[in-house]
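This briefing is meant for a reader who is meeting the structure for the first time. Please look over the sequence and the model before going through the points below.

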Amino acid sequence: MSQPKKHLGGRVAVIGTGSRAAMFVRGIVERPESSVVAICEPNAVRAAYYNSLLQELGAPTVPVYKPEQFKEMLEKEKVETVVVTCIDALHDQYIIPALEAGVRVLTEKPMTTDIDKCRRILETVEKTGEHVTVTFNYRYNPVHEAVKRALAEGKIGRILSVHFEWLLDTVHGADYFRRWHRQKTNSGGLMVHKSGHHFDLVNWWLDAKPETVAGIGKLAFYGDENGKRHGWAKDYERARGSAEAKDDPFALHLEADETLKSIYADAEKEDGYHRDQNVFAPGIGIEDDMSLLVRYDSGATMTYHLTAYSPWEGYRVMFNGSLGRLELEVVESQFRELTDPQISGGQIHGREPMPNPGDATIKVHRLWQKPEFISVKMEHEAHGGGDSRMLSVLFGPLPGEKVDTGDASKQTANEKDGALALAVGLLANESFKTGQFHHVKDLGFPGL
């Protein structure tokens with residue numbers, strides 16, 4: 001895995017001003033050697049919110065550019081780094097020209113959403129010699145680092161197989177079915193947008209590359225027909241202004257959260273985007289229940305399942321090795337009740353903890369021995385502590401903070417890592433349609 005030649009930062013432009021951009025803006029402003037110098041965003045209300053945020057943080061407001069002015073912005077503002085946080089399907093429109101201009105690129109995962117866009121990004125990397133940093137923040141979670149160390153130390157020998165189950169609850173999971181993610185043309189579906197995190201973790205944990213993927217996926221819970229079948233459906237298009245939505249536990253009420261109101265409810269007059277759509281409406285184009293089988297170049301296999309309508313949120317990963325077994329369980333939220341606060345702007349991207357948090361356990365069970373537990377401390381904010389540690393590695397430490405030379409400093413993901421995680425999701429989507437096994441080599445991604 002390649003490492004950046006130096007910290008990102010300097011003169012930074014932020015591309016896209018949804019809720020995720022706030023973490024980067026805060027992190028950049030906190031570091032004196034970096035500054036936000038421009039925003040690229042088509043929605044003027046949303047861009048104005050971020051200029052207000054900059055003022056609140058003690059930083060100056062910055063010029064706002066439209067997407068068609070991107071190249072002009074790079075030159076005029078002498079941009080050194082771009083942070084791409086817009087809709088997934090648009091990432092390539094900024095990554096490629098930034099690479100060609102010699103500007104450092106940091107992009108939210110997924111790197112992009114389809115084969116052709118990924119191929120063009122990789123070809124541009126080869127042509128320019130520049131690189132892309134992909135923010136797989138789960139690598140920086142201390143619990144995941146402990147798993148990586150245990151496997152690398154050979155505690156269970158050679159890894160032969162993995163079983164990975166991820167559960168999204170009916171608050172967080174439902175949220176993907178309210179917003180732009182509900183169409184694969186925007187997000188690639190949950191196999192690309194959400195599970196890409198998990199596929200990267202397994203690639204990294206195993207130090208292996210995926211080769212072959214097969215899967216079955218379906219829309220089992222959300223959507224019009226399922227909502228009626230299971231008795232959850234309510235008759236409205238979006239929650240705002242709907243009497244039907246008032247007592248719907250699946251509805252999102254934007255005005256109840258100041259951040260969501262400011263960047264979505266107040267901004268929808270600009271572009272007509274509704275952040276609070278009915279999860280049981282017709283026209284949803286992504287799956288909510290997905291099973292995969294993946295084979296790696298190490299010989300290991302993985303069975304994977306994602307459920308987006310669970311009563312609790314968390315994940316279990318089991319590694320079977322030649323000397324024993326490692327089991328990881330993380331409970332991010334033990335349960336949800338109707339009296340719990342609805343999802344907030346901070347919870348969407350992990351800045352705030354979920355209600356009713358649980359714990360994490362790592363158990364190593366070697367053959368012919370009693371099991372042992374690896375001591376870990378689970379953090380409930382900032383994606384298990386991954387966001388803050390990632391920012392310190394990518395943008396440099398905060399004033400007074402030590403430079404991280406340990407595990408976190410070695411975990412930066414580049415465009416190849418982004419492409420390998422994306423490959424599993426893309427092949428899964430293809431297998432959902434064909435019922436066949438599909439192979440990474442057939443994607444024709446250069447340099448992998």
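This is a predicted model: local features need pLDDT of at least 70, side-chain atom pairs count only at pLDDT 80 or more; totals for chains, interfaces and linings use all residues.

What follows covers an annotated domain, salt bridges, aromatic rings, and a pocket and a cavity.

**Annotated domain**

- An unreviewed UniProt entry places the feature "domain: Gfo/Idh/MocA-like oxidoreductase N-terminal" at residues 11–136.

**Salt bridges**

- Side chains of opposite charge can pair when their charged atoms come close.
- In this model the count comes to 32 salt bridges.
- One of them joins Asp 387 to Arg 20, with the closest N and O atoms 3.1 Å apart. Because Asp 387 lies in helix α15 (residues 386–395) and Arg 20 in the loop between β1 (11–15) and α1 (21–29), this pair ties together parts that are 367 residues apart in sequence. Both Asp 387 and Arg 20 are buried.
- Another salt bridge is formed by the side chains of Arg 46 and Asp 271, at 3.9 Å from N to O. Arg 46 belongs to helix α2 (residues 44–56) and Asp 271 to helix α13 (residues 268–271), so the pair ties together parts that are 225 residues apart in sequence. Arg 46 counts as buried at 7% relative accessibility, whereas Asp 271, with a relative accessible area of 44%, is partly exposed.
- Arg 389 forms a salt bridge with Glu 145, and here the closest N and O atoms are 2.8 Å apart. This pair links distant parts of the chain, with Arg 389 in helix α15 and Glu 145 in helix α6 (residues 142–152), 244 residues apart. Arg 389 is partly exposed, its relative accessible area being 22%, while Glu 145 counts as buried at 5%.

**Aromatic rings**

- The model has 18 aromatic pairs by count.
- Phe 221 and Tyr 222 form an edge-to-face pair, with 5.0 Å from centre to centre and 90° between the planes. Phe 221 counts as buried at 11% relative accessibility, and Tyr 222 is buried with a relative accessible area of 0%.
- Phe 221 also pairs with Phe 250 in a tilted arrangement, at 5.9 Å centre to centre and 50° between the planes. Phe 221 is in the loop between β8 (210–218) and α11 (224–230), and Phe 250 is in the loop between α11 and α12 (258–265), 29 residues apart. Phe 221 and Phe 250 are both buried.
- One aromatic cluster is made up of Tyr 138, Phe 164, Trp 166, Phe 199, Trp 205, Tyr 304, Tyr 315 and Phe 319.

**Pocket and cavity**

- The second largest pocket holds about 490 Å³ of space. It is lined by 22 residues, of which Val 171, Pro 249, Phe 250, Glu 337 and Leu 338 lie nearest its centre, and this lining divides into 12 nonpolar, four polar and six charged residues.
- There is one cavity of 30 Å³ or more, and about 50 Å³ of space lies in the largest cavity.
- The largest cavity is lined by Pro 110, Met 111, Phe 136, Val 192, Gly 196, Gly 418, Ala 421 and Leu 422. Helix α16 (residues 415–434) contributes the largest share of this lining, three residues, and by class the lining has six nonpolar, two polar and no charged residues.

Definitions and conventions: Residues are numbered from 1 along each chain as its sequence is written. Side-chain values use heavy atoms; hydrogens and water are left out. A salt bridge is a side-chain nitrogen of Lys or Arg within 4 Å of a carboxyl oxygen of Asp or Glu. Helices (H or I, at least four residues) and strands (E, at least two) are DSSP runs, numbered from the N terminus. Buried means under 20% relative accessible area, exposed over 50%, partly exposed in between (1.4 Å probe, protein chains only). On a 1 Å grid over the protein atoms alone, a cavity is a set of points where a 1.4 Å probe fits but cannot get out, and a pocket is an open set with protein on both sides within 12 Å along at least five of seven lines; lining residues have an atom within 4 Å of a point. Grid points are joined across faces, edges and corners, and a volume is the space filled by probe spheres set on the points. Ala, Val, Leu, Ile, Met, Phe, Trp, Tyr, Cys and Pro count as nonpolar, Asp, Glu, Lys and Arg as charged, and the others, Gly among them, as polar. UniProt positions are given in the numbering used here, feature names are shortened, and annotations may be inferred rather than shown by experiment. Rings of Phe, Tyr and Trp (its six-membered ring) pair if their centres lie within 6.5 Å; planes under 30 degrees apart count as stacked, over 60 as edge-to-face and the rest as tilted.
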